[in-house]
Amino acid sequence: MTDDTARTGRAAVLDRWRRSPMLLRHLAAALAAFLGIVLLTSVTDPFTNLRIATIGYHLVAVAGLALLIGVSGQISLGHGAFMFIGAYTMALLVIHVPGSPLWANLLLAIAASCAAGVAVGAATARLHGPYLAGATLILAVGLPAVALRYPEALGGSNGLTFSVAGTPPALSDTVPDPRWQSWVVWLAVLLALVVVANVSRGRLGRRLRAVRDDEAAAALSGLRPGRLRTVAFVISAGCGGLAGALQAYLLGTATPSSFGLALSLSLLAAVVLGGLGSLWGALWGALALVYVEVWGHDAAEALGLSDHVANNLPIALFGAALIAIVLLWPSGVQGGLARLGAAVRTRRIGPGGRPD
Amino acid sequence: MSAPAPAPPALEVHDLVSAYGAVRAVDGVSLTVPAGSITAVLGANGAGKTTLLRTVSGAKAAQSGRVLADGVELTRLPADRVVRHGVAHVPEGGGVITQLTVEENLRLGGLWRADRADRVRAREEMYQLFPVLAERRRQPAGALSGGERQMLAIGRALMARPRVLLLDEPSLGLAPMVTRRLLRLLRELRDGTGLTVVLVEQNARGALSVADHGFVLSLGRVAASGDADRLLADDRTRHAYLGF
């Protein structure tokens, strides 16, 4: 009896939650996540704080790419290039415009990569499948080389190094720099994720899905497939730019070698590994990107492997994990978890039983 | 006193050519569709019926020729512009977006229109016209039967409040009874709203039973045309092109 009333009470709360405006719901979830991050970083050491921040910027890059692939049905092998643009915009702003506040730098980095996204997206809006993949591949290969071409302005292969402001003076006694930095990163990441979630669940998301599923029918209904595809590309590029800018903020450097083809391919692999269609999938992908790298290095050190092997071990591990996940759970970690959850629920209700 | 000037035709096609590579699927077709009429476009497989509709609605580019709706030039406009000029096209198979719900599919058809209140009104009208869609509004469109999908596709096209509705083989894969109901509904729609309908069909007998006029295509050209009754009565056309 009390169990029943509790259940209906919970259902009512859930129902009210579902009926509240989407933006509000997403903002509330982001706020909760942010509080969780603040708690988590308060109990962990500075090193882990930085790692948590690293997961954050990977998450926003993977989420942006997942939106592009999952909702609009386009593929990009060049998302590392947008991170490159974000990181270098950040670096150049910090070096040449010292007075510019961090939030403005981040916004400008997003704007710069969005602008690049417009150019690339408009050019590639007419391409599909492997042709689009090939065109974006050029970006991943070509763009980081720009830094080598202009060593005076962009620092050549050593990249740009700069120092970023840490904790504001008022808080510097209580909050160490790494903790503050991870808060900044996650605040930016969660705000971007709110945008991504709203896009993918909202009006624009429905339009993008319509174009993805049946482009001809969508055009006959008055949608503009080319423009919609470009919009998806721009949003996704903006996420990449933010990720790059946050990385630069965190590390205090922007080097061309960290935005090479390997990064672009890893992002794509992380999307597949995590599972398309939800932000949780992007989170699993981002975690995999960061932790497989860490574990790979740890394992190489423990085994006393030579540098040549040690440097490639994380990549090999990531590849093995990707193959295993795709074989076991073709819809990625999130898809697998969803299936597990469904299996547990049916078992609890009993075979042939129905909920409610 | 002279008779009032006739209204401009809802749709005019002049000498339209539309090709896939070297193959001219539509090879110089001209036709006139009077406002408020139901016009059947008939013919065998590969006669160019679908290509004709696709070229008229801008889903495919024309090689040459002209398309006008109510006297407005539509030639070379892309599909998303043509629908804004009052010509809506229900493609073969309906083109329902299976990942979206029934309601989301319907809304898709009117998204481009600025008049939000009228969009809501149009949606309610569609639910009255197709009550089965109202029952299933929250279900994914992939769960609909073939007939329901066809209704959804027509409803989505009507959300644009078109003056001309182009229908490509709405009877495809439907049971004869469902087809009859659908065709009757087209007739009621025309009588009620003055909608102009261009109906591409293989099912010539069914299409001519509701149509006012008919055009018979053969190998991309107009082989015969005239009033629906006359085409039905003309044994030679029937045997040569319509197969009954």
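**Entry 1: α3(B)**

I started with the buried residues of α3(B): Val102(B), Glu104(B), Asn105(B), Leu106(B), Arg107(B), Leu108(B), Gly109(B) and Gly110(B). I call a residue buried if 20 or more other C-beta atoms lie within 10 Å of its own, exposed if 12 or fewer, and partly exposed in between, with C-beta atoms placed from the backbone. Helices (H or I, at least four residues) and strands (E, at least two) are DSSP runs, numbered from the N terminus. This is a predicted model, in which local features need pLDDT of at least 70, side-chain atom pairs count only at pLDDT 80 or more, and totals for chains, interfaces and linings use all residues. Residues are numbered from 1 along each chain as its sequence is written, while chains are lettered from A and ligands numbered from 1 in the order in which they are written.

Helix α3 of chain B spans residues 102–110, and eight of its nine residues are buried, so the helix is largely enclosed by the rest of the structure. What do the buried residues of α3(B) pack against? I found α4 (116–129), α5 (131–135) and α6 (146–158) of chain B, together with α9 (203–213) of chain A. Contact here means that the C-beta atoms of two residues, placed from the backbone, lie within 7 Å.

**Entry 2: α3(B) on α6(B)**

I looked up the axes next. Those of α3(B) and α6(B) come within 6 Å and cross at roughly 35°. Axes are lines fitted to C-alpha atoms, for helices over the stretch in contact, and angles run from 0 to 180 degrees between N-to-C directions. The crossing of α3(B) past α6(B) is right-handed. A crossing is right-handed if the near helix is turned clockwise from the far one by less than a right angle, and left-handed if anticlockwise.

From α3(B), Val102(B), Asn105(B), Leu106(B), Leu108(B) and Gly109(B) take part, meeting Leu152(B), Gly155(B), Arg156(B) and Ala157(B) of α6(B). I sorted the residues of this contact by class: five nonpolar, three polar and one charged. Ala, Val, Leu, Ile, Met, Phe, Trp, Tyr, Cys and Pro count as nonpolar, Asp, Glu, Lys and Arg as charged, and the others, Gly among them, as polar.

**Entry 3: the contact of the two chains**

How many residues does each chain give to the contact? I read 13 from chain A and 21 from chain B. On the chain B side, α2 (79–82) and α3 are the elements that give two or more residues. The largest share, three residues, comes from α3(B). By class, the side of chain B that touches chain A has eleven nonpolar, six polar and four charged residues.

**Entry 4: whole chains**

Chain B has ten helices and ten strands. Its radius of gyration is 18 Å, close to the 18 Å that the globule rule gives for 244 residues, so chain B is as compact as a globular protein of that length. The radius is taken over C-alpha atoms, and the rule is 2.2 Å times the number of residues to the power 0.38. I counted 46% of the residues of chain B as buried.

Chain A has 15 helices and two strands. Its radius of gyration is 22 Å, close to the 21 Å from the globule rule for 356 residues, so chain A is as compact as a globular protein of that length. Along the principal axes, its C-alpha atoms fill a box of roughly 70 × 55 × 45 Å. Of its residues, 45% count as buried.

The axes of α12(A) and α13(A) come within 7 Å and cross at roughly 130°. That makes α12(A) oblique to α13(A). Under 35 degrees counts as roughly parallel, over 145 as roughly antiparallel, 65 to 115 as roughly perpendicular, and the rest as oblique. This crossing is right-handed.

I then moved to α13 (279–303) and α14 (307–328) of chain A, whose axes come within 8 Å and cross at roughly 135°. Here too α13(A) is oblique to α14(A). The crossing of α13(A) and α14(A) is right-handed. Twelve nonpolar, two polar and one charged residues make up their contact.

**Entry 5: Thr255(A)**

Where is Thr255(A) found? I located Thr255(A) in the loop between β2 (253–254) and α12 (261–274) of chain A. With 23 C-beta neighbours inside 10 Å, Thr255(A) counts as buried. Beyond its neighbours within four places in sequence, Thr255(A) is in contact with Asn158(A) and Gly159(A). I also checked Leu148(A), 107 residues apart from Thr255(A) along the chain: their C-alpha atoms are separated by 9.9 Å.
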